[in-house]
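Let's take a walk through a protein model together. Keep the sequence and the 3D view open as you read.

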Amino acid sequence: MSFDVPATMKAVEMLGHGGEEMLQYRENVAVPTPAPNEVLIKVMAAGVNNTDINTRIGWYSKSDDSDDASWSGESLKFPRIQGADVCGVIVAVGEQVDESRIGERVMIEPCLTEVYGRELPQPWYFGSECDGGFAEYTKVASKHAYAVQSELSDIELASFPCSYSTAENMLTRAQVAEGDRVLISGASGGVGSAAIQLAKARGAYVIAITSPSKNQQLLDLGADEVIPRDANLIETLGVNSVNVVIDLVAGDQWPQFLEVLKPGSRYAVSGAIGGAMVELDVRTLYLKDLSFFGCTVLEPEVFQNLINRIEKQQIRPIVAQSFSLADIHQAQQEFLKKNHVGKIVLEVAQG
């Protein structure tokens, strides 16, 4: 099988840190060439994520000059093509990759341990430290392109990689098991809605925190209880009432998470959309023997486990809306309104 690959492509380039004006849609960007151990992928669809916006505005930086505004803390090189969520088809391979992979439908594992044919001392994120999927073509190490057999559409599959792998990784690190009572903050977002499904697939009892307008949607996803964002968790749930907190929000409510956790329980975090600075009473941490997990780098088994669940139809995609690649500004504006449940996806090509 062979594909005709053009010399140039349509892509959205981030020119630097700042507002939406830093995202430029172009139609004459050079198509990347796969290096040894890499594959070239025709992108069919790419999801929109918080990380795209956080990287653009320099949110990850802990200094004043944004030089460390990336997942790894390294300076980004511009222009950069963002986009961590990708579903596509392998159309060419580099040296040392079996040509039989050409034609495979794949999803890209966004947490990268190999780039440009070399193992990384610290993982990168696809579309952050290297170019991602907001383009007609992208390349990645062959090991990070996972074949998937599914009747789901490209747009539906592109809703999975970033949010679902993040959620599955948090549940894996926190060792969520059958019978656990799991509290999920930010439950209507991409990662939160994924965590509901994945926790239920493990046999957990799920309590979701969201705005009341989204209650029924989360109950339909499988949540056993839904409580409002402004609820007093201690009054609503009781002290020592849950085994695991899956936190994507942090913010002012954070100290309550520790109070509702049972002694010996687990807290996993992979987001801070409610505010990154929180107040920790260290006595609660050690007197209750709590375990904390900061979750960014995927455990080795996580992405294949996610593929397996997709292929077994144990989880389903939640696509709120789709846009064309050229409408990236509109897609991010809609994303930031936070009125949706699930994912917003860019349709890059038609299969």
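## A buried charge and its partner

E38 is buried, with a relative accessible area of 2%. Here "buried" means under 20% relative accessible area, "exposed" means over 50%, and "partly exposed" is in between (1.4 Å probe, protein chains only). The side chain of E38 meets that of K139 in a salt bridge, 3.3 Å from N to O. A salt bridge here is a side-chain nitrogen of Lys or Arg within 4 Å of a carboxyl oxygen of Asp or Glu. K139 counts as partly exposed, at 23% relative accessibility. E38 lies in strand β3 (residues 38-47) and K139 in strand β8 (residues 137-141), so the pair ties together parts that are 101 residues apart in sequence. Helices (H or I, at least four residues) and strands (E, at least two) are DSSP runs, numbered from the N terminus.

A quick word on what you're looking at: this is a predicted model, where local features need pLDDT of at least 70 and side-chain atom pairs count only at pLDDT 80 or more, while totals for chains, interfaces and linings use all residues. Residues are numbered from 1 along each chain as its sequence is written, and side-chain values use heavy atoms, with hydrogens and water left out.

How many salt bridges does a search of the whole structure find? It finds 13. One joins D85 and K343, whose closest N and O atoms are 2.5 Å apart. D85 sits in strand β4 and K343 in strand β17 (residues 343-347), so to speak a link between distant parts of the chain, 258 residues apart. Both D85 and K343 are buried.

Another salt bridge brings together the side chains of R202 and E168, at 3.0 Å from N to O. R202 is in the loop between α4 (190-201) and β11, while E168 is in helix α3 (residues 161-173), so this pair ties together parts 34 residues apart in sequence. Are R202 and E168 buried or exposed? Both are buried.

## Two domains

The chain is divided into domain 1 (8-159 + 317-347) and domain 2 (163-294). These bounds come from an automatic or database domain assignment. Taken over C-alpha atoms, the centres of domain 1 and domain 2 are 28 Å apart.

Where the domains meet, 14 residues of domain 1 are in contact with 15 residues of domain 2; contact means heavy atoms within 4.5 Å. The area buried between domain 1 and domain 2 is about 910 Å², and carbon and sulfur atoms give 55% of it. On the domain 1 side, W59, I318 and V341 lose the most area to domain 2, together 46% of what that side buries. Buried area is the accessible area (1.4 Å probe) that two parts lose on being put together, summed over both. And how many salt bridges cross the interface of domain 1 and domain 2? The rule finds zero.

## A threonine tucked away

T210 is found in strand β11 (residues 205-210). With 1% relative accessibility, T210 counts as buried. Leaving out residues up to four places away in sequence, T210 touches S188, N215, L218, V226, I227, P228 and R229.

## A nonpolar patch

Now for the surface: L280, V282, Y286, L287 and F292 form a nonpolar patch there, with about 490 Å² of accessible area together. Patches are made of residues with over 30% relative accessible area and no salt bridge, with like charges joined within 9 Å and nonpolar side chains (Val, Leu, Ile, Met, Phe, Trp, Tyr) within 5 Å. Accessible areas come from the Shrake-Rupley method with a 1.4 Å probe, and for residues, only the protein chains shown count as cover.

Which helix gives the most to the nonpolar patch? That is helix α8 (residues 282-287), with three residues. F292 has its place in strand β15 (residues 291-294) and is partly exposed, with a relative accessible area of 32%.

Most residues other than glycine have a negative phi, and most peptide bonds are trans. N240, in the loop between α6 (233-237) and β13 (242-247), has a positive phi near 55 degrees without being a glycine. N240 is partly exposed, with a relative accessible area of 34%.

D289 is not a glycine either, yet its phi is positive, about 55 degrees. D289 is in the loop between α8 and β15 and is exposed, with a relative accessible area of 56%. Finally, a cis peptide bond joins F78 and P79, with omega about 0 degrees. P79 is found in the loop between α1 (50-57) and β4 (85-93).
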